[in-house]
Amino acid sequence: MIFKIYDENKIRGQYFKNISFLKRYKNLQHCKVEEQRIFDQLNIVGNTSIDHFLEYLYVSETQKGIALSQIWNLISNKKIVCAFNNPLNQKTIVWLNTDIINQMESFYD
């Protein structure tokens with residue numbers, strides 16, 4: 001067994017705030033076609049900020065809002081990753097979690 005000891009700063013820091021924020025998006029139902037579109041685009045660009053990503057793929061504010069919710073869902077389910085020690089916002093740089101994507105692909109094969 002591995003034990004880790006955390007002090008108050010670690011528990012109540014930015015990482016905890018980010019997890020608390022993403023918790024509401026964890027079980028969000030979304031379109032699998034759009035999920036694949038997001039994956040495909042991130043696979044092409046590698047990493048990008050969320051706002052740049054939204055501007056590139058979506059036209060209307062409604063589309064961008066729905067896509068942003070989906071991106072938060074993908075981050076909360078670790079399909080997309082980012083630096084959790086920084087505040088999450090639209091300037092956050094995201095990229096594919098290739099380990100999870102590869103596991104999903106091998107599951108469906």
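A residue is called buried here when its relative accessible area is under 20%, and exposed when that area is over 50%. The model on display is a predicted one.

**The sheet**

Select strands S1, S2 and S3. They form an open sheet in the order S1-S3-S2, with antiparallel pairing. The edges are S1 (47-49) and S2 (80-81), each of which pairs on one side only. Strands of a sheet pair through backbone hydrogen bonds, in either a parallel or an antiparallel sense.

Next, follow the pairing of S1 with S3. Three bridges connect these two strands in the antiparallel sense; serine 49 stands opposite isoleucine 93 of S3. Then move to S2, which two bridges join to S3 (residues 93-96), again antiparallel. Here isoleucine 80 faces leucine 96 of S3, and valine 81 has tryptophan 95 of S3 as its bridge partner.

Now display the side chains of S3. Val94 and Leu96 belong to its covered face, whereas Ile93 and Trp95 belong to the uncovered one. In a regular strand, side chains alternate between the two faces of the sheet.

**Helix H3**

Select residues 32-45. This helix, H3, lies across S1, S2 and S3 and runs at about 100° to S3. Color Glu35, Ile38, Phe39, Gln41 and Leu42, which are the buried residues of H3. Viewed down the axis of H3, these residues fall within an arc of 165°, so they line one face of the helix. An α-helix has 3.6 residues a turn, so residues three or four places apart point the same way. On the face of H3 turned away from the buried side, select Val33, Asn43 and Ile44, which are exposed. Just after H3, stop at glycine 46, where phi is positive at about 85°.

**Helix H4**

Ile50, Asp51, Phe53, Leu54 and Leu57 are buried in H4. They lie on the same side of H4 because they cover an arc of only 160° around the axis. Glu55 and Tyr56, on the other side of H4, are exposed. To see what surrounds the buried residues of H4, display H3, S1, helix H5 (61-76) and S3, against which they pack.

**Helix H5**

Select H5 itself. This helix has 16 residues and reaches 22 Å from its first C-alpha to its last, close to the 22 Å expected at 1.5 Å a residue. Its buried residues are Lys64, Ala67, Leu68, Gln70, Ile71, Trp72, Asn73, Leu74, Ile75 and Ser76. Following H5, lysine 78 has a positive phi, near 65°.

**The cysteines**

Finally, select cysteine 31 and cysteine 82. Is each of them buried or partly exposed? Cysteine 31 is partly exposed, with a relative accessible area of 38%. Cysteine 82 counts as buried, at 9% relative accessibility. With a disulfide taken as a pair of cysteine sulfur atoms within 2.5 Å, the count of disulfides comes to zero.

How values were computed: Residues numbered from 1 in each chain as written. Predicted model: local features only at pLDDT ≥ 70, side-chain atom pairs only at ≥ 80, totals over all residues. Heavy atoms only, no water. Pairing = 2+ DSSP bridges. Helix = DSSP H or I, 4+ residues; strand = E, 2+ residues; numbered from the N terminus. Contact = heavy atoms within 4.5 Å. Axes fitted to C-alpha atoms, helices over the stretch in contact; angles between N-to-C directions. Buried < 20%, exposed > 50% of the residue type's maximum accessible area, 1.4 Å probe, protein only. Arc of directions from axis to C-beta. Expected span 1.5 Å × (residues − 1).
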